[in-house]
Each structure stands twice: as structure tokens, then as C-alpha cells.
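Q: Please take a close look at one part of this model, the aromatic cluster and the strand and helix elements around it. A connected account would be appreciated.

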Amino acid sequence: MIQLDKREDFPFSSNPFGLVYENAITENKENEVQIHPITYQLNGIKIASNIYTPKNYSKDKRYPAIVIAVPNGAVKEQAAGLYGQRLAEKGYITIVSDCMFFGESEGMPRQQDIPYYRIEDIRGMIDAIFSFPGVDSQRIYGLGICGGGGYMLSCGQMDKRLKKIATVSMFNTGAVRRESFQNSQADTVLKRLHEVASIREKELNEDTLIYNANMTEMKPEVGHQLPIEMYREGYEYYVETHFHPNSHSCFLQRNLMDLMVYDPVQFMYLLDQPLLMMAGDHADTNYMSEQAFELAITTKEKELYYLKDATHIQTYYKESVVKEAIEKLDIFYK
């Protein structure tokens, strides 16, 4: 059994719990949805996490639970936290954790983005929620947002403790790192892999760490002119409207060795749990969800659902879109 420890340190003080989404919890009130900041150990690394409990929560009752995987580079206080709180309002116990090497979680070097670790982050959340009082171990479900959606699919293929799998704006991190957005650099994969090998050699020779460009350090005139809508709106979300000091878009360049040979849809036939995939009807990333959905040939229950009037990033925060998504998730999980 994993030991869960209360977490008392909240470095971002505009909200007592560091939350940056709209209508976030500011204090734990009796008989209302509450947030429980905790830590636990995963492969010797301390993980920082928030668990949300529903109204009138009792340790003596049994509740369905949802593990929620964050978007790439995001932290638990942003979009995943919003979904965690809203689903707790529907009666679920939810858990959202910072990934190893990111946010408040420990692990060195920082911003180490390797698919194995992202999948292990989800399995660690499953381990942790098993230990939480009141959780029904036969009703543990998964939800992944953006890059977390791809990793949630991979985890569902492996870990059958997850009884149902859902994604919002699923982002195929491996395919984008390999072929770039909408396969625009498919002809330069080998060239870029050779470049990554040179980067790793340079790190060793110069005893340094080399990261890709950090969106949070971009100037507005650059961020607002990014050529892809998802990245432009991502700049606005992460830098201007929902900034959190622990959230960084950068990762170690050498991680491309692992990212470029990863693909969450490669083994979709191994996913036999009920599957719900949601995407904004105006999102430029829809092709990723559509491909994964088509390859989910084993599950007997699956649905691809388009959220109304939504781009990719708007599924993170836009009130009408999130409300629609939560209603759909609640029907699916129940």
C-alpha cells in the first residue's frame, strides 16, 4: 500500500492551493467538494498530487474514482485540476498529479519528458488512489487531456485496473515529435534523429543540459504569431490567462530519442475497456483522436464525440465546453 502524506507547502499564493482555473476551491468547507494535497513515492521519487472528494464525502462509503493525466508541460493546478474538481462535484473521487520531473514533483534532471515515465505517472496515480479511503477499486477510471490523453490510451492498453478510458483533445506526442504537426516534417525524421544524437554528445562533452524553446519565455509578438492555432492559443493559455510558475513547455532535447519512437496508437487493439474520445469540433488536432478511435478495434463500446464550438485549447477552460465535457463524462462513467 502506498503511503499518502499531507502536503502543506503551496508556493503559488494567488489561490491558497495554487489553483489557476475559474471558480477553483479556495477553502475546504464541510459537506462540500474538498481538495486534499498529498505526496507519495513513485520509484523513489516524491510525487505531488491533489485528490478531490465529493460533497458529503464519507470514508465509510464507496465511490468511483478517476485518475486524470495532465497535458504536456502542464501542472495539476491547471486544466486537469479543473476537470478533477468538476468531476468531484458529480460524485467521484479524483486524483491529479504533477508528473515526475515536473511541477512540484521531484526528480532530476528537470523537465525530463520520456513516454515510459508519463505512463508510469498514471500507474502511480492508480496505486495512490487505491490507498485512499472510500475508493471502490473496481470502479477506477481514466481521463487524459491533450498529451495526457495519448499516455492514458497507452496505460489502458497495459493496465486493466482502469475500467473505462476517456480522453479530451488527445494529442499524439510521439507522432508530432516524429513527423511534426499534421505530418509536415515526415521526410526529415532520420535527419533530426541524427541531430539529437549530436545534442546528447554535446551535453556529455560540455557537461550541460540542452532544452527546447520554452513557450513561457516567448515575447507576445512571437507567441501571438505562431503558425499553428493550437500553439497560438496554448501561448495565451499558459502564459497570459492561466499562467502557473511551475508549468513550462520545454523539455530536454535528448528526450526526442524516446519520443520519436513512441506512438500511443500502435497497440490500440490491446485496449478492450469502454472508450470515450472527445475533441473540439473546431480543433486542428482532431485527426489524432480520429485515428486512435478507428484503430480501437477490440473494445465493444466506444464513442467519438465532438464538443461544440471548441478549439483544442478551449477544451481546457471554456466554461460551456467544459460543462458539456463533464456531462458527457458523467454519463459515460456511470
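A: In this predicted model, ring pairs join Tyr92, Tyr141, Phe332 and Tyr333 into a cluster. The structure holds 15 aromatic pairs. One of them is formed by Tyr92 and Tyr333: the ring centres lie 5.9 Å apart and the planes meet at 65°, so the pair counts as edge-to-face, the class for angles over 60 degrees.

Another member of the cluster, Tyr141, has Lys164 over its face, at 6.0 Å from the ring centre.

Strand β6 spans residues 135-145 and is mostly covered, with eight of its eleven residues buried. On one hand, β6 is joined to strand β4 (residues 63-69) by six bridges, and these two strands run parallel; here Val135 is the bridge partner of Tyr63. On the other hand, β6 pairs with strand β7 (residues 165-168) over four bridges, also in the parallel sense, and Gly144 stands opposite Thr167 of β7. Between β6 and β7 the chain passes through helix α3 (residues 147-158), giving a right-handed β-α-β crossover.

A further charge-over-ring contact involves Lys302, whose charged end sits over the ring of Phe293, 4.4 Å from its centre.

How values were computed
Residues numbered from 1 in each chain as written. Predicted model: local features only at pLDDT ≥ 70, side-chain atom pairs only at ≥ 80, totals over all residues. Heavy atoms only, no water. Buried < 20%, exposed > 50% of the residue type's maximum accessible area, 1.4 Å probe, protein only. Pairing = 2+ DSSP bridges. Right-handed = clockwise from strand over helix to strand, strands pointing away. Phe/Tyr/Trp six-rings, centres within 6.5 Å; stacked < 30°, edge-to-face > 60°. Lys NZ or Arg CZ within 6 Å of the ring centre and 35° of its normal.
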